[in-house]
Amino acid sequence: MSLQRFISEAISPWMKKEGPDSDIVLSSRIRFARNLEDYPFPLVSNMDESKKVITYIDEQLNGKVYDHFGPFELLYIDEIKANQKRVLVEKHLISPHLAEQSKHGGVLLSEDESVSIMVNEEDHLRIQCLFPGFQLNEGLVLASGIDDWIEEKVTYAFDEKRGYLTSCPTNVGTGLRASVMMHLPALVITQQMNRILPAINQLGLVVRGIYGEGSEALGNVFQISNQITLGKSEEDIVEDLRGVVMQLVQQERSARESLLQTSKLQLEDRVYRSYGILAYSRTIESKEATQRLSDVRLGIDLNLIEGVSANILNELMILTQPGFLQQFAGEILAPEQRDERRAALIRERIRLENES
């Protein structure tokens, strides 16, 4: 296995599987923040101290096998080119922070890319498990197992009263961040999201874009996660998020049904206009492409469009990002060149769907 293996395909193997409520919940993620005892935390460590951490993690975890996942492979961020790091961010295998600001950072990846363990990000370790669809409980079981497996090899920074110690106070305690990626076009079209977002924030949850903090909710895709990690058990944190997500799923389904009953012609027109633009445009910007893909995915889920895979949104939202476009081109592209290649790639993808 090599770096090329992880950056050559837009869709990670785990993304090709079906999950519960996957027409609305695109993916579920569980992430644990952990630090090592007796090592300065990344935000205050110097280069030598950071190097000692990643060398230690290399010795303890690189090439090691957990359960059926095969050996984990450690990629050193310092050895990866800028655009290759961008591709890993676009696939959600590393964070923008690790790509841009880490000192001697790295990432341990499982073969199916459903598990990534970032090293020297904001914390020494960020253990991340990804599942298709609505599978928070399954994610928690897997992440907890990997967490215990790692703790057999290293000693975590832990306080009996405060729990796991982290660089950011908002992660102290369980160190758990549970999140789901949701496609909510009907709630956006009916303008209900403007009312729902403040209510979600009042429940101690946070809504972000597809690449986390500071990112925009492109293509009507929202990342919803817990904000509180201290004073609650891991199970309670996940259950609180599950309850809110279940309500959002129900509200999105109701909004979709309402659109079909009251505005079916207008909805069909919107869906097919977007499909036509994607199928025939010669240049298209990233933001417009994601919005059009959202419309088409909604049309697929409501059986307004047949013969097109529902994975088209997941796949093309990653495949048409700047990093992937430049990776396939083998060169750095100007924005207008990326827009042209993005349009060509989408046209080809739709053509292949029609021929299959």
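User: Is Phe 328 buried, partly exposed or exposed? What's the number?
Analyst: This is a predicted model. In it, Phe 328 has 44% relative accessibility, so it counts as partly exposed.

User: And Phe 324, buried or exposed?
Analyst: Phe 324 counts as buried, because its relative accessibility is 0%.

User: Where do Phe 324 and Phe 328 lie?
Analyst: Both are in helix α12, which covers residues 322-329. They are four residues apart, about one turn of the helix.

User: How many aromatic pairs does a search of the whole structure find?
Analyst: Seven. Among them is the pair of Phe 324 and Phe 328, which is tilted, with 5.7 Å centre to centre and 50° between the planes.

User: Why quote both a distance and an angle?
Analyst: A pair of aromatic rings is described by the distance of the centres and the angle of the planes.

User: Which residues form an aromatic cluster?
Analyst: Tyr 66, Phe 69, Phe 72 and Trp 149 form one.

User: What about charges over rings, say Arg 242? Which ring is it over?
Analyst: The ring of Phe 134. The charged end of Arg 242 is 5.2 Å from the centre of that ring.

User: And Arg 34, which face does it lie over?
Analyst: The face of Tyr 164, with 3.5 Å to the ring centre.

User: Which of them gives the most?
Analyst: α3, with five residues in the lining of the second largest pocket.

User: How many residues line the second largest pocket, and which lie nearest its centre?
Analyst: The lining has 14 residues. Arg 86, Val 89, Glu 90, Gln 321 and Pro 322 lie nearest the centre.

User: What's the lining like by class?
Analyst: Seven residues of the second largest pocket's lining are nonpolar, five are charged and two are polar.

User: Last topic, Thr 229. Where is it found?
Analyst: Thr 229 is in the loop between β10 (221-226) and α8 (234-262).

User: Buried or exposed?
Analyst: Thr 229 counts as buried, because its relative accessibility is 2%.

User: Which backbone oxygen lies 2.8 Å from a polar atom of its side chain?
Analyst: That of Thr 170. The backbone oxygen of Asn 171 lies 3.4 Å from a polar atom of the Thr 229 side chain.

Notes
Residues are numbered from 1 along each chain as its sequence is written. This is a predicted model: local features need pLDDT of at least 70, side-chain atom pairs count only at pLDDT 80 or more; totals for chains, interfaces and linings use all residues. Side-chain values use heavy atoms; hydrogens and water are left out. Rings of Phe, Tyr and Trp (its six-membered ring) pair if their centres lie within 6.5 Å; planes under 30 degrees apart count as stacked, over 60 as edge-to-face and the rest as tilted. Helices (H or I, at least four residues) and strands (E, at least two) are DSSP runs, numbered from the N terminus. Buried means under 20% relative accessible area, exposed over 50%, partly exposed in between (1.4 Å probe, protein chains only). A charge sits over a ring if NZ of Lys or CZ of Arg is within 6 Å of the ring centre and within 35 degrees of the ring normal. On a 1 Å grid over the protein atoms alone, a cavity is a set of points where a 1.4 Å probe fits but cannot get out, and a pocket is an open set with protein on both sides within 12 Å along at least five of seven lines; lining residues have an atom within 4 Å of a point. Ala, Val, Leu, Ile, Met, Phe, Trp, Tyr, Cys and Pro count as nonpolar, Asp, Glu, Lys and Arg as charged, and the others, Gly among them, as polar. A polar contact is a pair of N or O atoms within 3.5 Å; within protein, one must be able to donate a hydrogen and the other to accept it, and residues adjacent in sequence count only if both atoms are side-chain atoms.
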